[in-house]
Amino acid sequence: MKRLLYFAAGAAGLLTACGGDDPAAAPSTYTVEKLLKPSTCNECHQDHYKEWSGSMHAFAAKDPLFLAMNKRGQEETKGALGNFCVSCHAPMAVRQAASPDETIDPEGLPEEQSGITCYFCHNVTDVTKDHNNPLVLANDTTMRGGVRDPVQYKAHTAAYSPLHDGTRLSSAPLCGACHDIVVDKHFSGAAEDVPLERTFAEWKESIFADPHSQGQSCAGCHMDPDPRGTVPIASPPGPHPIMTPRNRHVHDFPAVDTAFAVADFPEREGQHARVQYKLDQEPRFQVCVDPIQGIVTVQVENLSAGHGFPSGASQDRRLWLELHAENAKGQIFDSAVVKPGERVADVSQSDTIRGEWLFRDVTTKLDGSPAHMFWDVANVQTNTIPTLVNPNRVNWRDVTFATGVSNATRVTINLRLEPVGLDVLDDLVESGHLSPTVRDALPRFTLIPKRVTSPDKVTEETPSFEWTLVEANGPKGKVGNGGLCLQSS
């Protein structure tokens, strides 16, 4: 495999990609070895590179959490873990290994092997399974993309690929088959292999995968159109043909995870803002209050995600509802309040709070005890907010808070999210595999739908949703769930 990857593209491959005095000359390509480096792509695709450089694709093999978990997994499985993690977080390193049996150390990899690189995605020709990164590469100097009539130029040849065309639902396997993870049963002793991460499987069951419901591919959500409209795909530094403006898609891939643990990681603030923007579009709320009995029913719907929420490593994520109630005299009740730095897991085990307010996968070992590390997982119990599977049915998840107090005039809820639970990080810190500074840097998101349209009105005190007795008794209110209800737009 390594020999195939490093073949020369021919004598013409010795010429520079974007140099030369005659832009109309016949194309000549770089070698595969040079095209493997993302910095090579930056010579002509500056916008793509800048966006990618701040993404989790670029961060995948540098993430301290990944490095800690992989190292611990190697120790606890006595090396049996092999390249299970690295094959997704640094796939080119595995493909360039000296032998199939070589276990890759992901620390300090060269740029052409670190993370999900430009070459790795754009050289794919086939997807053979639906999980654990089954992507097939051509190992050539042709870069595939969603442009139907690409300009042929010197750095590489270009070809249209339906797998890379985010406007087509058939492109989903290119992303999805890397984002579904099935853990072999031999790790935990389970009776069957464990489908641990199921983002692609969730999408396939949703209305977003249905072409009759105006479905949406993975790229349709996580690769927004360039806000400038049609723009040239490339901007070579030397003389070149006229680059036809195209419908370019942004390559920052915002989702739930960010490069939070590395302060100087490129595009850090912009990526965080993009993730916040995506998260704010996820939920819809309905709050029903019985002001006499003091019972509050909060309903939350996964409105826009084409998969469960949260998804991916849902066993590690912490998504929860926090509630506050008050009357004319002030606050009378609060619940599920997790202070900054406090572990959600500790609060969820309190006798005074019902566990339904916490949305996550619960994973256990073969003996039924909690499993933080994926190689220990034998059973998965799903308690996430499912995606829409029927366009004609509202998909609410209900959480009931029995406040025990009456006469509430205002109820506010917050939907909070930590990409990784502090209890998971603490486990890795205590085992000596993770620095405590990573724990301290973990972001906490508050999902506020109105932020999307009114960012100037959002403050630290702005709740995700507010119910008031005045509004509930007005035109916007309705009777339901044993109380007076208000719903977000």
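Is Trp-375 buried or exposed in this predicted model? Select Trp-375: its relative accessible area is 2%, so the residue is buried (under 20% relative accessible area with a 1.4 Å probe and protein chains only; exposed is over 50%, partly exposed in between).

Residues are numbered from 1 along each chain as its sequence is written. The model is predicted, with local features needing pLDDT of at least 70 and side-chain atom pairs pLDDT 80 or more, while totals for chains, interfaces and linings use all residues, and side-chain values use heavy atoms, leaving out hydrogens and water.

The rings of Phe-374 and Trp-375 form an edge-to-face pair, 5.1 Å centre to centre with 80° between the planes (rings of Phe, Tyr and Trp, the latter by its six-membered ring, pair if their centres lie within 6.5 Å; planes under 30 degrees apart are stacked, over 60 edge-to-face, the rest tilted).

Move to Phe-200 and Trp-203. Their ring centres are 6.0 Å apart and their planes at 20°, so this pair is stacked. Phe-200 is buried at 6% relative accessible area, and Trp-203 is buried at 10%. Now show Lys-204: its charged end sits over the ring of Phe-200, 4.5 Å from the centre (NZ of Lys or CZ of Arg within 6 Å of the ring centre and within 35 degrees of the ring normal).

Finally, select Arg-246, which is buried with a relative accessible area of 13%. Among the residues that Arg-246 touches are Val-147, Asp-149 and Ile-233 (contact means heavy atoms within 4.5 Å).

Conventions: Lists of a residue's contacts leave out its neighbours within four places in sequence.
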